[in-house]
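Subject: Structure handover

Hi,

Here is the structure I promised to send over. Have a look at it first, and then read on for what turned up.

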Amino acid sequence: MRGQGRKQQMKPFAWNYARPAEQAPALATYSYDAALQLNVLADGRPAILDRALLAAAGTTTSKAGSATHFDD
Amino acid sequence: MTVLVLTSAQDVTADLVVAELHELGVPLVRFDPADLPGEVALSTEYVRGEFRGYLSTGGRVASVDALRSVWVRRPGGAAAHAEEPSAWLAEETDHALYGMLDSTDARWMNHPSAAARARRKTWQMRVAHRSGFPVPATLVTTYPAMARRFAEQYRHVVVKSVSGKSPGDPPMALPTTLVPPDADFSGVAAGPTLFQRYIAKRADIRLTSVGDTHFAARKTAEAGQVDGRFGDTGHSWQPVDVPPQVARAVERYKRHASLAYGAFDFAEEEQTGTWWFLECNQGGQFGFVELDTGQPLARTVAEWLAAEPG
Ligand SMILES: Nc1ncnc2c1ncn2[C@@H]1O[C@H](COP(=O)(O)OP(=O)(O)O)[C@@H](O)[C@H]1O
Ligand SMILES: [Mg+2]
């Protein structure tokens, strides 16, 4: 608890314009194949053949918790 | 000669380039520095003036003097996946890995020091201006009064993050947003805030520069739209020619910044068609542009990485 008379903590200005991140769409499951050094789909085909997956993973809008979606 | 790809395992955009390298018949080693030590091992030795270094992962061994290039795509932090991660172990591992790689003649896309500097938007504004790009009036400040004056002067101003990162845990989205001139600016004192003159635009431009090759793509904006990444307008990215004076400015910018790769964002102004510089993402995404436009971005990255050191 804050003591009385303490200044209320101010929010950085930009936070007024933040909004919840949109949910990442459900993606086909894929896993890394160390021999090919590529990701593969459940049926063994390369993940890059799945355009919906590629499109979602390569977007520039950041999705919560993603290691690959940011744009810097 | 081997290409080294540093990125996270789940990075399917990197897969596009790896597949092109396979097609070119170029040997490569891919790993995430987060998996060092553990799935990745290294050794460097300096004995009687002789320098040797090896990296191994998944049964592959690469001698560092046989590296032709290093692609720093989306690597995790060194030792981040260690059994007992710590700031100390991360620093030790980072020094061992990047110190070793920096001792080679390999070409970098992009070198970590150049990348660290090039991420900062304030620095980008300065270099962009010097390179010959038109740059919208920009203010980064902790003074509420300065922010208010800027908003009154330009009337239409946007706010965006200084670092390009989103706040919060889990992260929130922070779209570039118009600020009403009568906004309460007191929060500016609680964190440096970036304001920029709003460019009334008819399109967003994304220019991906790989070595000496530049690909531009254009996405039509709706009237009054601000951040092109939010709100689906039904428009997709279309290839567009790079004006010669833009190409020259891109080349000056990248030379000054020591970057081999850069993804530039511009706003194409409604009235004049001018491309206003917004930012240069030194590690910017390119998969979404390639999917829409068919521009051979992954192929061009692979060819740049495959070239022998000159
Ligand atoms: N000054 C501006 N005028 C008009 N639109 C802008 C302006 N600045 C940014 N935008 C829009 O917002 C998007 C994101 O801004 P940007 O400067 O690229 O920062 P970041 O990607 O780091 O958030 C741009 O691609 C563009 O669509
Ligand atoms: Mg951007």
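Which side chain does B:Glu45 meet in a salt bridge? The partner is B:Arg52, at 2.9 Å from N to O. A salt bridge here is a side-chain nitrogen of Lys or Arg within 4 Å of a carboxyl oxygen of Asp or Glu.

Before the rest, the ground rules. This is a predicted model, so local features need pLDDT of at least 70 and side-chain atom pairs count only at pLDDT 80 or more, while totals for chains, interfaces and linings use all residues. Residues are numbered from 1 along each chain as its sequence is written, chains are lettered from A and ligands numbered from 1 in the order in which they are written, and side-chain values use heavy atoms, with hydrogens and water left out.

**Salt bridges**

Over all chains, a search of the whole structure gives 13 salt bridges. For burial, the cut-offs are under 20% relative accessible area for buried, over 50% for exposed, and partly exposed in between (1.4 Å probe, protein chains only). On that scale B:Glu45 is partly exposed at 34%, and B:Arg52 is partly exposed at 32%.

B:Asp265 and B:Arg206 also meet through their side chains, at 3.0 Å from N to O. That pair links distant parts of the chain, with B:Asp265 in strand β16 of chain B and B:Arg206 in strand β13 (residues 201-210) of chain B, 59 residues apart. (Helices, H or I with at least four residues, and strands, E with at least two, are DSSP runs numbered from the N terminus.) B:Asp265 counts as buried at 17% relative accessibility, and B:Arg206 is buried at 2%.

Then there is B:Glu303 with B:Arg299, a salt bridge of 3.2 Å, N to O. Both sit in helix α8 of chain B, four residues apart, which is about one turn of the helix. B:Glu303 is partly exposed at 42%, and so is B:Arg299 at 24%. The two belong to a network of salt bridges that also takes in B:Glu20 and B:Glu23.

**A buried charge**

B:Glu279, in strand β17 (residues 275-281) of chain B, is one to look at. The side chain of B:Glu279 does make a polar contact of 3.4 Å with that of B:Asn281. A polar contact is a pair of N or O atoms within 3.5 Å; within protein, one must be able to donate a hydrogen and the other to accept it, and residues adjacent in sequence count only if both atoms are side-chain atoms.

Neighbours within four places in sequence aside, B:Glu279 is in contact (heavy atoms within 4.5 Å) with B:Lys121, B:Gln124, B:Ala263, B:Phe264 and B:Asp265. B:Lys121 and B:Gln124 are among the buried residues of helix α4 (residues 121-131) of chain B. The buried residues of α4(B) pack against several elements of chain B, including α3 (112-118), α6 (244-257) and β17. Just after α4(B), B:Gly132 has a positive phi of about 105°.

**Cores and domains**

A nonpolar core is a set of buried Ala, Val, Leu, Ile, Met, Phe, Trp, Tyr and Cys residues joined through side-chain atoms within 4.5 Å. The largest has 37 residues, and B:Trp71 and B:Met109 are among those that touch the most other members. Elements of both chains supply at least two residues each, including β3 (38-41) and α1 (51-57) of chain A. α8(B) gives the most, with seven residues.

Chain B is divided into domain 1 (2-109), domain 2 (137-197) and domain 3 (199-294), with bounds from an automatic or database domain assignment. The C-alpha centres of domains 2 and 3 of chain B lie 23 Å apart, and nine residues of domain 2 are in contact with eight of domain 3.

**Chain A**

Chain A has one helix and three strands, running β-β-β-α from the N terminus. Of its 72 residues, 33% count as buried.

Cheers
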